[in-house]
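Subject: Structure handover

Hello,

Here is the structure I promised to pass on to you. Please open it in your viewer first, and my notes follow below.

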Amino acid sequence: MMRIGFGYDSHRFVAGRPLVLGGVRIEHAQGLAGHSDADAVLHAVTDAVLGALAAGDIGERFPDTDARWADADSAQFVAEAMRLAAAQGCTVANCDVTILAEAPKLGPYKRRMAERIAELLGAAPESVSVKAKTNEQMGAIGRQEGLAVMAAVLLTDG
Ligand code: MG
């Protein structure tokens, strides 16, 4: 059995918050607006796992109206999605993430993000890929109003 899931997330940049992506603190003048720690990478990964399980979405399971998730470490969203996966006998075969951000430069952080995501998914580090691109200065992302993330996850019962 194999099941594929796809996740997408976007957040606006805002002053006065730390920037956390893939569970890694990133040096930048701005962070991301959001109810939790606004880690768009872990949100997209969570939705990819939930999608593979056909188990709803992150907004439904961790609503931003719930005070429990205020400033929450988004690692717990991935952990909860993985509990659901484990309950169905599923493990992660691989995960592929693309971050769209005009700034900051994420190259120096990609390996650490992949290692942290692998840890959260219970997957081997070499089975997690984190890629970063600019949006070629086009649109809201190009104007550095925020960033977006896409993630694909393949679950197997092997
Ligand atoms: Mg989000």
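In what order do the five strands of the open sheet lie? The order is β4-β1-β7-β5-β6, and the pairing is mixed. Strands here are DSSP runs of E with at least two residues, helices are runs of H or I with at least four residues, and both are numbered from the N terminus. Two strands are taken to pair if DSSP finds at least two bridges between them.

Before the details, a word on conventions. This is a predicted model, in which local features need pLDDT of at least 70 and side-chain atom pairs count only at pLDDT 80 or more, while totals for chains, interfaces and linings use all residues. Residues are numbered from 1 along each chain as its sequence is written, and side-chain values use heavy atoms, with hydrogens and water left out.

The pairing of β5 with β6 is parallel, with six bridges; Leu100 stands opposite Lys133 in β6.

How enclosed is β7? Eight of the 11 residues of this strand (residues 146–156) are buried, so β7 is largely enclosed by the rest of the structure. Buried means under 20% relative accessible area, exposed means over 50%, and partly exposed is in between, using a 1.4 Å probe and protein chains only.

Phe13 sits in strand β1 and is buried too, at 10% relative accessibility.

**The metal site**

Which residues coordinate the magnesium ion? The donors are Asp9 (OD), His11 (NE2) and His43 (ND1), at 2.1 to 2.2 Å. Their spacing in sequence is D-x1-H-x31-H. Distant parts of the chain are linked here: His11 belongs to strand β1 and His43 to helix α1, 32 residues apart. Both histidines are buried, His11 with a relative accessible area of 16% and His43 with 8%. Donors are N, O and S atoms within 2.8 Å of the metal (3.2 Å for Na, K and Ca), and water is not among the atoms, so sites may look incomplete.

**The largest pocket**

At least two lining residues come from each of β1 (2–14), α1 (40–53) and α2 (58–61). By type, the lining has seven nonpolar, six polar and three charged residues.

Ala, Val, Leu, Ile, Met, Phe, Trp, Tyr, Cys and Pro count as nonpolar, Asp, Glu, Lys and Arg as charged, and the others, Gly among them, as polar.

**Cysteines and backbone**

There are zero disulfides, a disulfide being a pair of cysteine sulfur atoms within 2.5 Å. The sulfur of Cys90 has its closest cysteine sulfur in Cys95, 15 Å away, which is too far for a bond. Cys90 is buried at 4% relative accessibility, and Cys95 is buried at 1%.

Most residues other than glycine have a negative phi, and most peptide bonds are trans. Against that background, Ala103 and Pro104 are joined by a cis peptide bond with omega about -5°; Pro104 is in the loop between β5 and α4 (110–121). Asp71 has a positive phi of about 55° and lies in the loop between α2 and α3 (75–87), where it is exposed at 58%. Gln144 has a positive phi near 60°, and is placed in the loop between α5 (139–142) and β7; Gln144 is partly exposed, at 38%.

Best wishes
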